[in-house]
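The sequence and the structure come first, and the notes follow.

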Amino acid sequence: MGRTVRLTATVNAEDGGTYCARCVQVEVACEGQTVDEALDRLRHALEHYFARRPAPRPPSHPPLVVPIEVRLPD
């Protein structure tokens with residue numbers, strides 16, 4: 001069995017009652033009917049992704065996931 005790497009995921013509620021889980025460190029995302037299902041699918045997708053690619057180096061500091069306001073044109 002391989003080593004474990006801690007990554008960061010965000011989960012957003014989507015229209016239609018689904019959830020989208022995205023990994024912050026790599027461009028991998030999955031949907032599910034529940035938060036747990038979306039995260040479980042993301043976990044499996046990341047395991048498949050890293051079976052063919054090197055895992056990212058652990059960051060010296062964890063990423064900050066914060067909201068940001070952006071002004072849009074009228």
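## Basis of the model

The model is predicted, and local features need pLDDT of at least 70, side-chain atom pairs count only at pLDDT 80 or more, and totals for chains, interfaces and linings use all residues. Residues are numbered from 1 along each chain as its sequence is written, and side-chain values use heavy atoms, with hydrogens and water left out.

## Fold and overall dimensions

Three strands and one helix are present in the protein. Read from the N terminus, the order of elements is β-β-β-α. The radius of gyration is 15 Å, well over the 11 Å that the globule rule gives for 74 residues, so the protein is more spread out than a compact globule. Helices (H or I, at least four residues) and strands (E, at least two) are DSSP runs, numbered from the N terminus. The radius is taken over C-alpha atoms, and the globule rule is 2.2 Å times the number of residues to the power 0.38.

Along the principal axes, the C-alpha atoms fill a box of roughly 50 × 30 × 20 Å. Of contacts between residues at least 6 apart in sequence, 20% join residues at least 24 apart; a contact means heavy atoms within 4.5 Å.

## Surface and charge

The protein exposes about 6,500 Å², of which carbon and sulfur atoms supply 53%. Accessible areas come from the Shrake-Rupley method with a 1.4 Å probe, and for residues only the protein chains shown count as cover. Buried residues make up 16% of the 74 residues, where buried means under 20% relative accessible area, exposed over 50%, and partly exposed in between (1.4 Å probe, protein chains only).

The mean positions of the 9 positive and 10 negative charges are 12 Å apart. Lys and Arg count as positive and Asp and Glu as negative, with His and the chain ends not counted. Each charge is placed at NZ of Lys, CZ of Arg, CG of Asp or CD of Glu.

## The nonpolar core

The largest nonpolar core has eight residues: Ala21, Cys23, Val26, Val28, Cys30, Ala38, Leu42 and Leu46. Strand E2 (19-23) and helix H1 (35-51) are the elements that give two or more residues to this core, and the largest share, three residues, comes from H1. Such a core is a set of buried Ala, Val, Leu, Ile, Met, Phe, Trp, Tyr and Cys residues joined through side-chain atoms within 4.5 Å.

Leaving out residues up to four places away in sequence, Leu42 touches Ala9, Ala21, Arg22, Cys23, Val28, Ala29 and Cys30.

## Thr18 and Glu31

Thr18 lies in the loop between strand E1 (9-13) and E2, and counts as buried at 15% relative accessibility. Not counting residues up to four places away in sequence, Thr18 touches Asn12, Ala13, Glu31, Gly32 and Gln33.

Glu31 belongs to strand E3 (residues 29-32) and is partly exposed, with a relative accessible area of 45%. With the same exclusion of residues up to four places away in sequence, the contacts of Glu31 are Glu14, Thr18, Tyr19, Cys20, Ala38 and Arg41. Glu31 and Glu14 are 17 residues apart along the chain, and their C-alpha atoms are separated by 8.9 Å.

## The segment after H1

Pro63 is in the segment after H1 and counts as partly exposed at 31% relative accessibility. Beyond residues up to four places away in sequence, Pro63 touches Thr8, Val24 and Gln25.
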